[in-house]
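Morning, everyone. Please have the viewer open while I talk. I'll go through confidence, then the interface, then a few side-chain pairs.

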Amino acid sequence: MSEDLHRRAEQLKIDSMAGGISAPDLQWLGAHLEGCPPCAQRARAIERAVRTLRSVTVRVDPALLRTTRMKVYVRAEDLNRRGARRLLLWTSCATSWVWMAACALFLWHGFERLASQMGIPNWLWQAGFGLWWALPLLIVGIVLSMQQPAVNNERDLTAGLD
Amino acid sequence: MNSVEGEREALAQSLRTRDPEVIEHLIDQYQYRLFRYLIYLTGNREEAEDLFQETWIRVLERGHRYDGRSKFDTWLFTIARNLFIDRLRSKKTQVSIEEFSDSEGPESGNGGSPRNVPSPFDLVSQGEVYGQLSGLMDRLPFPSREALVLRFQEEFSLEEIARLMAVPISTVKSRIYRGIAILKESLEDSKHE
């Protein structure tokens, strides 16, 4: 019998264990294994290898589970707290924008009058007006960027739970 | 929507709430499988424990990204695997990323295992069933070892493994083939010894 046939039998046996093979291949394999004791022995060795692989169990340390649960709770609390803080921040930001939009016309005239009284050039007070609008967003940006190191610190703290 | 899809959708919804009790329930359910996979992945119990914790925290943080379309365990193992790869990248020690990701390295010896680390099986505590398998898995190239674990221990389908390992199904098949061939020979050798 050709070497290729034995190799094919081995390949099909592994494929049948790994993901299944077509019915004609399975039939061919069965017939080949019946007539070829060395291949049948190899097939048994393959089955044994897979069985051995499936027999391994791993124990998880209960202390690891406790620590993991605790870390998850700490992190969940932290995320909720930060979520609530962020919501508050965006709500105040949105409120101030609405309020500013409502009184934009008065503000524009106020800026204009003040600038003309103080002799401030147009481009400067108009830039100031723009900055006034961007102020809530700037504050949000600053607060959020300040929160980032705090997150890292909290991660360091939870590392101590081990 | 069938019941499995319904369950996944329910799980996806509860993960969006970031409820730690949901995570606790999942930890109970998947602890053995995840830890076993991490032991194989890292070859180091301590690192596996670290990754185990990080994985669950990541599940809490990124739970809203699980859409319920794929199986939860595939998503969970992908997170664990990505964390492991991130860790390798940041450490740049012991194992090169190439070796881990898609190398078809040497077929015997410790070529595919993380270098200078004891066998995962030696590190797994006593009283566990591993018998002849101890040491044999170390002879496998790393990608084959991972593919074998995912297929025969975690019972993932070839498609799921391909998605998880980010390789084509044909690559998964060849890794499994190589892995079994080496494992079989190793078992035969140990039988003759």
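Over which residues of chain A does pLDDT stay under 50? Residues 153-162. The model has 14 contacts beyond four places in sequence for that stretch. Keep in mind that this is a predicted model.

Let me stay with chain A. Its mean pLDDT is 81. Of its residues, 90% reach 70 or more. By element, confidence in chain A is lowest in H6(A), at a mean of 70. It is highest in helix H2, residues 23-35 of chain A, at 92.

Now chain B. The mean pLDDT here is 77, and 73% of the residues reach 70 or more.

On to the interface. Chain B puts 45 residues in contact with 36 residues of chain A. Together the two chains bury about 4000 Å². Carbon and sulfur atoms account for 64% of that area. Three residues stand out on the chain B side: B:Gln53, B:Phe152 and B:Tyr177. They supply 17% of the area that chain B buries against chain A, more than any other three residues.

What about polar links across the interface? Between chain B and chain A there are seven residue pairs in polar contact, both residues at pLDDT 80 or more. Which elements of chain B give two or more residues to the side that touches chain A? Helix H2 (20-42), helix H3 (45-62), helix H7 (142-153) and helix H9 (169-192). H2(B) gives the most, with twelve residues. By class, that side of chain B has 26 nonpolar, five polar and 14 charged residues.

Next, salt bridges. Three of the bridges are between chain B and chain A. One salt bridge joins A:Arg75 and B:Glu61, with the closest N and O atoms 2.5 Å apart. A:Arg75 also meets A:Asp78 in a salt bridge, at 2.3 Å, N to O. A:Asp78 and A:Arg75 both sit in helix H4, residues 62-102 of chain A. They are three residues apart, about one turn of the helix.

Last topic, aromatics. The search over all chains gives twelve aromatic pairs. Take A:Trp108 and A:Phe129: they are edge-to-face, 5.2 Å centre to centre, with 85° between the planes. What does this pair link? Distant parts of the chain. A:Trp108 is in helix H5, residues 104-118 of chain A, and A:Phe129 is in helix H6, residues 122-159 of chain A. The two residues are 21 apart.

That's my list. Questions, please.

Note on methods. Residues are numbered from 1 along each chain as its sequence is written. Chains are lettered from A and ligands numbered from 1 in the order in which they are written. Side-chain values use heavy atoms; hydrogens and water are left out. Contact means heavy atoms within 4.5 Å. Buried area is the accessible area (1.4 Å probe) that two parts lose on being put together, summed over both. A salt bridge is a side-chain nitrogen of Lys or Arg within 4 Å of a carboxyl oxygen of Asp or Glu. A polar contact is a pair of N or O atoms within 3.5 Å; within protein, one must be able to donate a hydrogen and the other to accept it, and residues adjacent in sequence count only if both atoms are side-chain atoms. Helices (H or I, at least four residues) and strands (E, at least two) are DSSP runs, numbered from the N terminus. Ala, Val, Leu, Ile, Met, Phe, Trp, Tyr, Cys and Pro count as nonpolar, Asp, Glu, Lys and Arg as charged, and the others, Gly among them, as polar. pLDDT is the predictor's confidence in each residue, from 0 to 100. Rings of Phe, Tyr and Trp (its six-membered ring) pair if their centres lie within 6.5 Å; planes under 30 degrees apart count as stacked, over 60 as edge-to-face and the rest as tilted.
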